[in-house]
Amino acid sequence: MQYGDDAKSRICGKNDNGTISSCYSTVSVTGNNEVGGICGLNDDGTITTSYAKGTVTGRDDAPHIGGFCGRNLSWNGSINNAYSVALVTCGDNASRVGGFCGFNHEGPIDNCYAAGLISQGINGTDIGGFC
(Lines give C-alpha, C1' and ligand atoms only; values in the text may rest on other atoms or scores of the structure.)
Protein backbone atom coordinates (compact mmCIF):
# COMPACT_ATOMS: atom_id res chain seq x y z
CA MET A 1 0.00 0.00 0.00
CA GLN A 2 1.29 3.44 -0.90
CA TYR A 3 0.45 6.62 0.99
CA GLY A 4 1.51 10.12 0.13
CA ASP A 5 0.60 13.63 -0.81
CA ASP A 6 0.71 14.65 -4.48
CA ALA A 7 0.95 12.78 -7.81
CA LYS A 8 0.67 9.23 -6.49
CA SER A 9 0.33 5.96 -8.38
CA ARG A 10 1.84 2.50 -8.50
CA ILE A 11 3.34 2.88 -11.99
CA CYS A 12 4.13 6.59 -12.27
CA GLY A 13 3.49 9.57 -10.01
CA LYS A 14 4.08 12.08 -12.82
CA ASN A 15 4.53 11.19 -16.48
CA ASP A 16 6.24 14.33 -17.82
CA ASN A 17 6.45 14.01 -21.62
CA GLY A 18 7.18 10.27 -21.37
CA THR A 19 5.53 7.11 -22.66
CA ILE A 20 3.84 4.34 -20.69
CA SER A 21 2.84 1.37 -22.85
CA SER A 22 1.49 -2.13 -22.26
CA CYS A 23 1.40 -1.80 -18.46
CA TYR A 24 -1.02 -2.81 -15.76
CA SER A 25 -1.35 -2.10 -12.10
CA THR A 26 -3.07 -3.93 -9.27
CA VAL A 27 -3.13 -0.91 -7.05
CA SER A 28 -3.82 0.18 -3.51
CA VAL A 29 -2.84 3.84 -3.38
CA THR A 30 -3.94 6.76 -1.20
CA GLY A 31 -3.09 10.45 -1.55
CA ASN A 32 -4.13 14.08 -1.31
CA ASN A 33 -3.93 15.23 -4.95
CA GLU A 34 -3.47 13.69 -8.42
CA VAL A 35 -3.98 10.07 -7.42
CA GLY A 36 -4.46 7.36 -10.07
CA GLY A 37 -4.15 3.65 -10.71
CA ILE A 38 -1.53 4.00 -13.48
CA CYS A 39 -0.49 7.63 -13.32
CA GLY A 40 -1.14 10.44 -10.85
CA LEU A 41 -0.41 13.23 -13.35
CA ASN A 42 0.01 12.72 -17.10
CA ASP A 43 1.68 15.98 -18.21
CA ASP A 44 2.22 15.92 -22.00
CA GLY A 45 2.87 12.17 -21.82
CA THR A 46 1.44 9.24 -23.78
CA ILE A 47 -0.20 6.25 -22.10
CA THR A 48 -1.38 3.38 -24.26
CA THR A 49 -2.62 -0.21 -24.01
CA SER A 50 -2.68 -0.27 -20.20
CA TYR A 51 -5.14 -0.93 -17.37
CA ALA A 52 -5.60 -0.51 -13.64
CA LYS A 53 -7.49 -2.48 -11.01
CA GLY A 54 -7.56 -2.36 -7.23
CA THR A 55 -8.35 0.64 -5.01
CA VAL A 56 -7.53 4.32 -5.53
CA THR A 57 -8.32 6.56 -2.55
CA GLY A 58 -8.33 10.32 -2.13
CA ARG A 59 -8.38 11.78 1.37
CA ASP A 60 -10.74 14.54 2.58
CA ASP A 61 -10.57 17.66 0.40
CA ALA A 62 -8.54 15.82 -2.26
CA PRO A 63 -8.80 16.91 -5.93
CA HIS A 64 -7.97 14.93 -9.09
CA ILE A 65 -8.65 11.30 -8.14
CA GLY A 66 -9.14 8.73 -10.91
CA GLY A 67 -9.15 4.97 -11.30
CA PHE A 68 -6.60 5.19 -14.13
CA CYS A 69 -5.19 8.73 -14.07
CA GLY A 70 -5.67 11.50 -11.52
CA ARG A 71 -5.16 14.31 -14.03
CA ASN A 72 -4.45 14.32 -17.77
CA LEU A 73 -2.92 17.71 -18.52
CA SER A 74 -2.40 19.63 -21.77
CA TRP A 75 -3.32 18.93 -25.38
CA ASN A 76 -0.14 16.87 -25.88
CA GLY A 77 -0.99 14.38 -23.10
CA SER A 78 -2.93 11.42 -24.49
CA ILE A 79 -4.40 8.17 -23.21
CA ASN A 80 -5.38 5.45 -25.69
CA ASN A 81 -6.70 1.87 -25.54
CA ALA A 82 -6.87 1.76 -21.76
CA TYR A 83 -9.31 0.94 -18.98
CA SER A 84 -9.85 0.95 -15.24
CA VAL A 85 -11.82 -1.46 -13.09
CA ALA A 86 -10.48 0.13 -9.91
CA LEU A 87 -12.65 1.05 -6.94
CA VAL A 88 -12.30 4.82 -6.52
CA THR A 89 -13.00 6.16 -3.03
CA CYS A 90 -12.75 9.71 -1.80
CA GLY A 91 -13.27 11.52 1.46
CA ASP A 92 -15.46 14.48 2.29
CA ASN A 93 -15.29 17.56 0.05
CA ALA A 94 -13.30 15.77 -2.67
CA SER A 95 -13.43 17.27 -6.16
CA ARG A 96 -12.77 16.18 -9.73
CA VAL A 97 -13.14 12.46 -9.14
CA GLY A 98 -13.73 9.96 -11.95
CA GLY A 99 -13.81 6.23 -12.55
CA PHE A 100 -11.15 6.65 -15.25
CA CYS A 101 -9.70 10.17 -15.00
CA GLY A 102 -10.28 12.69 -12.23
CA PHE A 103 -9.68 15.73 -14.44
CA ASN A 104 -8.91 15.95 -18.15
CA HIS A 105 -7.52 19.30 -19.33
CA GLU A 106 -7.54 19.35 -23.15
CA GLY A 107 -5.86 15.94 -23.53
CA PRO A 108 -7.32 13.33 -25.90
CA ILE A 109 -8.66 10.14 -24.33
CA ASP A 110 -9.53 7.54 -27.00
CA ASN A 111 -10.92 4.01 -26.86
CA CYS A 112 -10.95 3.89 -23.04
CA TYR A 113 -13.50 2.84 -20.41
CA ALA A 114 -14.10 2.57 -16.68
CA ALA A 115 -16.07 -0.21 -14.99
CA GLY A 116 -15.17 0.27 -11.31
CA LEU A 117 -17.32 1.75 -8.58
CA ILE A 118 -17.00 5.21 -7.07
CA SER A 119 -17.57 5.76 -3.35
CA GLN A 120 -17.62 9.37 -2.19
CA GLY A 121 -17.87 11.22 1.08
CA ILE A 122 -20.19 14.17 1.67
CA ASN A 123 -20.13 17.45 -0.28
CA GLY A 124 -18.06 16.13 -3.19
CA THR A 125 -18.03 18.11 -6.45
CA ASP A 126 -17.38 17.21 -10.10
CA ILE A 127 -17.79 13.45 -9.55
CA GLY A 128 -18.22 11.35 -12.73
CA GLY A 129 -18.33 7.72 -13.77
CA PHE A 130 -15.65 8.23 -16.40
CA CYS A 131 -14.07 11.67 -16.07
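These exercises, each with a worked solution, concern a predicted model.

**Exercise 1.** Which strand holds Ala52, and is Ala52 buried or exposed?

*Solution.* Start with the position: Ala52 belongs to strand β8, which covers residues 46-58. Next, take the relative accessible area of Ala52, which is 0%. Buried means under 20%. Ala52 is therefore buried.

**Exercise 2.** How many residues apart in sequence are Ala52 and Ser84, and what is the C-alpha to C-alpha separation in space?

*Solution.* Along the sequence, 32 residues separate Ala52 and Ser84. In space, their C-alpha atoms are 4.8 Å apart. Then check the contacts of Ala52, not counting residues up to four places away in sequence: Ser84 is one of them, and others include Ser25, Gly37, Phe68 and Tyr83.

**Exercise 3.** What is the strand order in the open sheet of 4 strands, and which strands lie at its edges?

*Solution.* The order reads β3-β7-β10-β14, and the pairing is parallel. Each edge strand pairs on one side only; these are β3 (12-16) and β14 (101-105). On average, neighbouring strands of this sheet are turned by 5° against each other, direction ignored. Now take the pair β7 (residues 39-43) and β10 (residues 69-73): 4 bridges join these parallel strands. Opposite Cys69 in β10 stands Cys39.

**Exercise 4.** Is His64 buried or exposed, and which residues does His64 contact beyond its neighbours within four places in sequence?

*Solution.* His64 is part of strand β9 (residues 63-66). Its relative accessibility is 8%, so His64 counts as buried. Beyond those sequence neighbours, His64 is in contact with Asn33, Glu34, Val35, Gly70, Arg71, Ser95, Arg96, Gly102 and Phe103.

Technical notes: Residues numbered from 1 in each chain as written. Predicted model: local features only at pLDDT ≥ 70, side-chain atom pairs only at ≥ 80, totals over all residues. Heavy atoms only, no water. Helix = DSSP H or I, 4+ residues; strand = E, 2+ residues; numbered from the N terminus. Buried < 20%, exposed > 50% of the residue type's maximum accessible area, 1.4 Å probe, protein only. Contact = heavy atoms within 4.5 Å. Pairing = 2+ DSSP bridges. Axes fitted to C-alpha atoms, helices over the stretch in contact; angles between N-to-C directions.
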